[in-house]
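Hi,

Here is the structure I promised to pass on.

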Amino acid sequence: MNKYIIWTAKAVSNIFAPWYLALLGYALLLIFSYMNAIPWSVMAILLLTVYFFTILLPHWAICLYVRIQGWKEQEIGKREHRVVPYLISIMCYMALLYVLNNVFHAQTYSQAIIVGALLVQVACAIANIWIKVSTHAAGAAGITGALMALSLVYGFNPSGWLAGSVMMCGVVCSARMILRQHTLGEVGLGSLIGLLCGWSIVLFL
């Protein structure tokens, strides 16, 4: 396979890695919602807190776990090896929600993105008991599901944003298959999980 295609697939997988989506979503929430009225210093502290609990802490803990197990990097992709990393990430997200509630006293609306990301991980962890699913695909499709639900709630035409999110999801799924990390069925199931979780979190939270 063309090496440039491989490099592109790796770049897409890294840029749209599921652990970055919560931070990106929260940053967009701070910029484009009513929360843009809070001081920049508070915004910075909130984003650093989200970064710590959704990226830095779970990444460090999972790397430590992999090193203790003596696994090579590619071995973490095996279905039977993904249980503990899922649990580590879920606990980090739950800790973040606790901090947002009890330290920052954040409103439910501002926690929707974190709850949505947590719901995706829980659903993927449960599915992982029987079949390996793509969390990359689930994270990307979650944005599409949320957009669809938001268009119903606020009555706007999401066609442009929806087309972009669907295209992004397709690119991410293709990248994961090119890298042979997942099959078509695994990215398809991950996309379905993400779509349902993104839709549900907007409508019912």
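A word on naming before anything else: helices here are DSSP runs (H or I) of at least four residues, numbered from the N terminus. Please also keep in mind that this is a predicted model.

Arg180 has a positive phi, about 60°, and it is not a glycine. For context, most residues other than glycine have a negative phi.

Gln181 has a relative accessible area of 31%, so it is partly exposed. Which residues does Gln181 touch, leaving aside those up to four places away in sequence? They are Lys132, Arg176 and Glu186. If you want a sense of distance across the chain, Gln181 and Tyr20 are 161 residues apart in sequence, and their C-alpha atoms are 19 Å apart in space.

Helix H3 covers residues 40–69 and helix H4 covers residues 83–102; their axes come within 9 Å and cross at roughly 155°. Angles over 145 degrees count as roughly antiparallel, and H3 and H4 therefore fall into that class. The crossing of the two is right-handed. On the H3 side, the residues that meet H4 include Leu46, Val50, Phe53, Leu57, Ala61 and Tyr65. On the H4 side, the residues meeting H3 include Val84, Ile88, Cys92, Ala95 and Val99. What is the make-up of this contact by class? The residues where H3 meets H4 divide into 17 nonpolar, 3 polar and no charged.

H4 also packs against helix H5 (residues 112–127), at an angle of about 155° and with the axes 10 Å apart. H4 and H5 are therefore roughly antiparallel to each other. Here the crossing is left-handed. H4 contributes residues including Tyr86, Ile90, Met94 and Leu97 to the contact, while those from H5 include Ile114, Leu118, Gln121 and Ala125. By class, the contact of H4 with H5 has 14 nonpolar, 2 polar and no charged residues. Some H4 residues turn up on both lists: Ser89, Tyr93, Leu96 and Leu100 are among those that meet H3 and also among those in the contact with H5.

Last, the aromatics. The structure holds 3 aromatic pairs. One of them is Tyr4 with Trp7: the ring centres are 5.3 Å apart and the planes stand at 90°, so the pair is edge-to-face. Tyr4 and Trp7 are 3 residues apart in helix H1 (residues 3–15), which means they are separated by about one helical turn. Trp7 is partly exposed, with a relative accessible area of 49%.

Phe52 and Phe53 form an edge-to-face pair as well, because their planes are at 85°, with ring centres 5.0 Å apart. Are these two buried or exposed? Phe52 counts as partly exposed at 37% relative accessibility, whereas Phe53 counts as buried at 13%. Phe53 is also one of the H3 residues that meet H4, which ties this pair back to the packing above.

Cheers

Definitions and conventions: Residues are numbered from 1 along each chain as its sequence is written. This is a predicted model: local features need pLDDT of at least 70, side-chain atom pairs count only at pLDDT 80 or more; totals for chains, interfaces and linings use all residues. Side-chain values use heavy atoms; hydrogens and water are left out. Axes are lines fitted to C-alpha atoms, for helices over the stretch in contact, and angles run from 0 to 180 degrees between N-to-C directions. Angles under 35 degrees count as roughly parallel, over 145 as roughly antiparallel, 65 to 115 as roughly perpendicular and the rest as oblique. A crossing is left-handed if the near helix is turned anticlockwise from the far one by less than a right angle, and right-handed if clockwise. Contact means heavy atoms within 4.5 Å. Ala, Val, Leu, Ile, Met, Phe, Trp, Tyr, Cys and Pro count as nonpolar, Asp, Glu, Lys and Arg as charged, and the others, Gly among them, as polar. Rings of Phe, Tyr and Trp (its six-membered ring) pair if their centres lie within 6.5 Å; planes under 30 degrees apart count as stacked, over 60 as edge-to-face and the rest as tilted. Buried means under 20% relative accessible area, exposed over 50%, partly exposed in between (1.4 Å probe, protein chains only).
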